[in-house]
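Morning, everyone. Let me put the model up, and then I'll walk you through the parts I'd like you to look at.

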Amino acid sequence: MTFEMREGERLDDLQVRGMQIIQSKEVFSFSLDAVLLARFASLRNKDRVIDLGTGNGVIPLLLAARSSASRAEIVGLEIQARLADMAQRNVEGNRLQEIINIVHGDTREAVQTFGSESFDLVVCNPPYRPAGVGDQSLNEHVKIAKHEITCTLEQAMDAAAGLVRYEGKVAFVHRPDRLADIFTAMRARKLEPKRMLLVHPRPDNRPNIVLVEAIKGGRPELRIDPPLIVHQADGSYTEEILALYAGRGELAT
């Protein structure tokens, strides 16, 4: 594999099917949240999928690595030109152009760009904090990734609801303190929450990540999966997390 690198970039090992990924300290790098979402979303063979706010394209890469994605079509939508370019080079470097298409565009205009109900699955790892909250010294790239500057939760949910077909699925990863907002936004758009997973840093800690999957037009019935623990008491990763990073496990059922 050959990757086209820019100044200040590095090449990291994704530890899945020999994949590598270009990253940079100057922009927001992917975290556990993206890995969890890529393993949690219900992906079927031949699904047409879109990742809203794809960043450097890590979620499309991880989705493509799943055995159920052999004939899937995956789109990554990213508003920041620098990250969209990085995502495209990651796709090309991993030779996944036939599966993944990176589009430089705005989530708020996604329905106009792709058409209503044009996807079977929509995934999104949106900014978690409202604009103006938290560290304001971050550079513009990181601010947009972490704060609702270019897209709020409600706007991301508008896009997801408009893009997904009837009885298609929408999967979000977010923070548990926004759970009421997530459920409210989903139901207001006829996205019925069907699965939820809470992720705890350690066995005795409160959850700090939540994953929710909804079905468009689904009947009310929420299943809460067993909690996922990230670290053991000694600080090392649990076997479940190690398996997810290595591509040996999935959270989808």
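**Rings, charges and cores**

Let's start with a tyrosine: Y237 counts as partly exposed, because its relative accessibility is 34%. On this scale buried means under 20% relative accessible area, exposed means over 50%, and partly exposed is in between, with a 1.4 Å probe and protein chains only.

Before going on, a word on what you're looking at. This is a predicted model, so local features need pLDDT of at least 70 and side-chain atom pairs count only at pLDDT 80 or more, while totals for chains, interfaces and linings use all residues. Residues are numbered from 1 along each chain as its sequence is written, and side-chain values use heavy atoms, with hydrogens and water left out.

Okay, aromatic pairs. Rings of Phe, Tyr and Trp (its six-membered ring) pair if their centres lie within 6.5 Å; planes under 30 degrees apart are stacked, over 60 edge-to-face, and the rest tilted. How many aromatic pairs does that rule give? The count is 2. One is F114 with F119, edge-to-face, at 5.7 Å centre to centre and 75° between the planes. F114 is buried, because its relative accessible area is 18%, and F119 is buried too, at 1%. Then there's Y237 again, which forms a tilted pair with Y245: 5.7 Å between centres, 50° between planes. Y245 is partly exposed, since its relative accessible area is 21%.

The charged end of R48 sits over the F119 ring, 4.2 Å from its centre. For that I'm asking that NZ of Lys or CZ of Arg be within 6 Å of the ring centre and within 35 degrees of the ring normal. R195 does likewise with F40, lying over the face of the ring at 4.0 Å from the ring centre.

Now zoom out. The protein chain has 8 helices and 13 strands; these are DSSP runs numbered from the N terminus, H or I with at least four residues for helices, E with at least two for strands. Is the chain compact or extended, going by its radius of gyration? With 253 residues, a compact globule would come out near 18 Å, and the chain has 17 Å, so the two agree. That radius is taken over C-alpha atoms, and the globule rule is 2.2 Å times the number of residues to the power 0.38. The C-alpha trace spans about 50 × 50 × 40 Å along its principal axes. Of the 253 residues, 52% count as buried. As for contacts, meaning heavy atoms within 4.5 Å, take those between residues at least 6 apart in sequence: 72% of them join residues at least 24 apart.

On to the inside. Nonpolar side chains tend to be buried together in soluble globular proteins. I call a nonpolar core a set of buried Ala, Val, Leu, Ile, Met, Phe, Trp, Tyr and Cys residues joined through side-chain atoms within 4.5 Å. Which residues have the most contacts inside the largest core? They are L36, I100 and L211, in a core of 44 residues. Helix α1, residues 32-40, gives the most to this core, with 7 residues. There's also a second, separate core of 30 residues, including I50, L52, V170 and V212.

Back to α1: 9 of its 9 residues are buried, among them L36 and F40. Helix α6, residues 153-163, has 8 of its 11 residues buried, so it is largely enclosed by the rest of the structure. Its buried residues include L153, M157 and L163.

Last, some backbone and surface. R95 has a positive phi of about 55° although it isn't a glycine, and you'll find it in the loop between α3 (81-93) and β5 (100-104). R95 counts as exposed, because its relative accessibility is 63%. E117 is another non-glycine with positive phi, near 50°, in the loop between α4 (110-114) and β6 (119-124). E117 is partly exposed, at 41%. And in helix α4 you have Q112, which is exposed at 62% relative accessibility. Where is F28 relative to Q112? The two are 84 residues apart in sequence and 27 Å apart in space, C-alpha to C-alpha.
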